[in-house]
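Please view the sequence and the model first.

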Amino acid sequence: MDISDASRTTTQTVTDYDRAKEVQAFDDTKAGVKGLVDAGIVNIPRIFIRPPEELVEELTSHQTNSQVPVIDLDGVRGNKLEEIVDQVRAAAETWGFFQVVNHGIPLNVLEEIIEGIRKFNEQDVELKKEFYTRDRARNVRFNSNFDLHYSRTANWRDTDAVREYIKNVTKLGETLFELLSLALGLKAEHLQEIGCPKEYTLPCHYYPSCPQPDLTLGATGHSDPSFLTILLQDQIGGLQVFHDNQWVGVQPIVGGLVVNIGDFLEVVSNDKFKSVNHRVVAGHVGPRVSVACFFMGHNAEIPKSYGPIKELTSEENPPIYRDFLPSECFSKRFSMAVDDNSLLHQLKL
């Protein structure tokens, strides 16, 4: 399970200072970005400042009133199934994102895990240092987010709140994979039978308030190396999706969950479903807390290759992507600088 003390760092090499040295010095504190905030910084360290061209582009871009689709899952087991499948298909093909309500997870379960993440991050730093590591072999890890070293971070203790949330969110994941299978014109069990929800990771993110949010990001633009992501976010907001060449804010809904198509599902659907870039903007208001459940398929212990589903390909619609191993792609995705769908580009035939 993952807890990310999240911050955005630039990938640009700056010649007037040793960036790698400063990044390592920050990492060696084992206090994360919250440690900087607790120390009362007014100006953010330069390792977190975005490249000048990005900042200029941000100032000249315009806002949009578009909204990510919201899908009511009430009646998914009844007479509304066909209508819900149509909505899921439209969202997966055009946005790559949607929010779900009436999904069956009790509100108190959502609130308890959010509160638990907040309490973990706000405890004494000396207690958290025990978990600070970038060793991916450790099941419970705490560190700053993947932008810093291009590696995903992790952490949290095994508690009743976590176990209850995992039980509920994995059950919801199975329902969503059924809907997505039907949306592809397959039998409801297809994506589950090939193992898409087989394994999962649970990154939990804590974004402290930022003194200079206009210079940085909470998480840089990226797509997810997974089949599907279910995200719980608090009411602060900040998540944005890249749609129609602009960033669209995903407004929090009390009790709602954000769902997005991952890179792997775009591959097996042969480009029918879209894995799109998204990011988190920094803000003066905080902390912002979120929990992401990534469904990874057969990953490390039982390797299995995936590729475009045969039923979705033909002479008129040949495979666009090659077969891949999720474990290989996950490591590759976080070992390189973040780029627009760079993993998908590497998997194309």
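The text below takes the strand, then the helix.

The model is predicted: local features need pLDDT of at least 70, side-chain atom pairs count only at pLDDT 80 or more, and totals for chains, interfaces and linings use all residues. Residues are numbered from 1 along each chain as its sequence is written, and side-chain values use heavy atoms, with hydrogens and water left out.

Helices (H or I, at least four residues) and strands (E, at least two) are DSSP runs, numbered from the N terminus. Buried means under 20% relative accessible area, exposed over 50%, and partly exposed in between (1.4 Å probe, protein chains only).

Strand S11 (residues 257–261) has 5 of its 5 residues buried, so the rest of the structure largely encloses it. Leu257, Val259 and Ile261 lie on one side of S11 and Val258 and Asn260 on the other, and both faces are covered. Two strands pair if DSSP finds at least two bridges between them; the table gives the pairings of S11 with S3 and S8.

| Strand | Pairing with S11 | Residues opposite |
|---|---|---|
| S3 (residues 97–101) | antiparallel, 4 bridges | Phe97 and Asn260 |

In helix H1 (residues 19–28), the buried residues include Arg19, Val23, Phe26 and Asp27. These four cover an arc of only 100 degrees around the axis (taken from the directions from the helix axis to the C-beta atoms), which puts them on the same side of H1. Exposed Lys21 and Asp28 sit on the face turned away from that buried side. After H1 comes Lys30, with a positive phi near 55 degrees.
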